[in-house]
Amino acid sequence: MGLNDPMPVQYINYMAGVIGEKTTSTAMGKTVNPGDEITYTFYIFNTNNETKNFVIKDTLSEHVTFVSATDGGKCSGNEVSWNFSVPA
């Protein structure tokens with residue numbers, strides 16, 4: 001049985017002036033089978049005139065296994081988090 005990824009792009013508003021977008025490597029509606037690898041990508045945009053420090057937290061589905069994260073991402077349980085400073 002495969003998993004269906006219903007929303008490959010998710011827009012996230014972390015704080016005023018900083019917006020984010022989460023995408024996956026799978027196309028909308030594509031079935032993901034056991035053993036397939038899914039890559040999640042976050043894009044962060046700072047619309048303020050000042051640097052913003054914040055944390056991204058993403059909860060993994062019970063149907064996936066964490067493999068790795070870039071840019072200092074750490075996994076604890078089923079949550080992956082990153083600490084970021086986004087320049088103006």
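## Salt bridge

By the rule used here (a side-chain nitrogen of Lys or Arg within 4 Å of a carboxyl oxygen of Asp or Glu), the count comes to one salt bridge. It joins the side chains of Asp-58 and Lys-22, at 2.8 Å from N to O. Asp-58 lies in strand E6 (residues 52-59) and Lys-22 in strand E3 (residues 18-24), so the pair ties together parts that are 36 residues apart in sequence. Both Asp-58 and Lys-22 are buried. Buried means under 20% relative accessible area, exposed over 50%, and partly exposed in between, with a 1.4 Å probe and protein chains only.

## Model and confidence

This is a predicted model, in which local features need pLDDT of at least 70, side-chain atom pairs count only at pLDDT 80 or more, and totals for chains, interfaces and linings use all residues. Residues are numbered from 1 along each chain as its sequence is written, and side-chain values use heavy atoms, with hydrogens and water left out.

The pLDDT is the predictor's confidence in each residue, from 0 to 100. The protein chain averages 77, and 78% of the residues score at least 70. Among the elements, strand E7 (residues 74-76) has the highest mean pLDDT, 94. Strand E1 (residues 3-4) has the lowest, 41. Over residues 1-9 the pLDDT is below 50. Beyond near neighbours in sequence, this stretch still has 25 contacts in the model. A contact means heavy atoms within 4.5 Å.

## Overall build

The protein chain has zero helices and eight strands. Helices (H or I, at least four residues) and strands (E, at least two) are DSSP runs, numbered from the N terminus. Of the 88 residues, 26% count as buried. Among contacts between residues at least 6 apart in sequence, 50% join residues at least 24 apart.

## Strand pairing

Two strands pair if DSSP finds at least two bridges between them. E3 and E5 are antiparallel and share seven bridges. E3 is mostly covered, with six of its seven residues buried.

E6 runs antiparallel to strand E8 (residues 79-86), with eight bridges between them. Here Val-55 has Asn-83 of E8 as its bridge partner. Side chains alternate along E6. Lys-52, Phe-54, Ile-56 and Asp-58 point to one face and are buried.

## The E5-E6 loop

Which residue sits in the loop between E5 and E6? Asn-48 has its place there. Asn-48 is partly exposed, because its relative accessible area is 23%. Its C-alpha atom is separated by 8.8 Å from that of Pro-87, 39 residues apart along the chain.

## Largest pocket

The largest pocket has a volume of about 800 Å³. Of the 30 residues that line it, the closest to its centre are Ile-38, Thr-39, Tyr-40, Phe-66 and Ser-68. E5 (40-46), E6 and E8 each supply at least two residues of the lining. The largest share, four residues, comes from E5.

On a 1 Å grid over the protein atoms alone, a pocket is an open set of points where a 1.4 Å probe fits, with protein on both sides within 12 Å along at least five of seven lines; lining residues have an atom within 4 Å of a point. Grid points are joined across faces, edges and corners, and the volume is the space filled by probe spheres set on the points.
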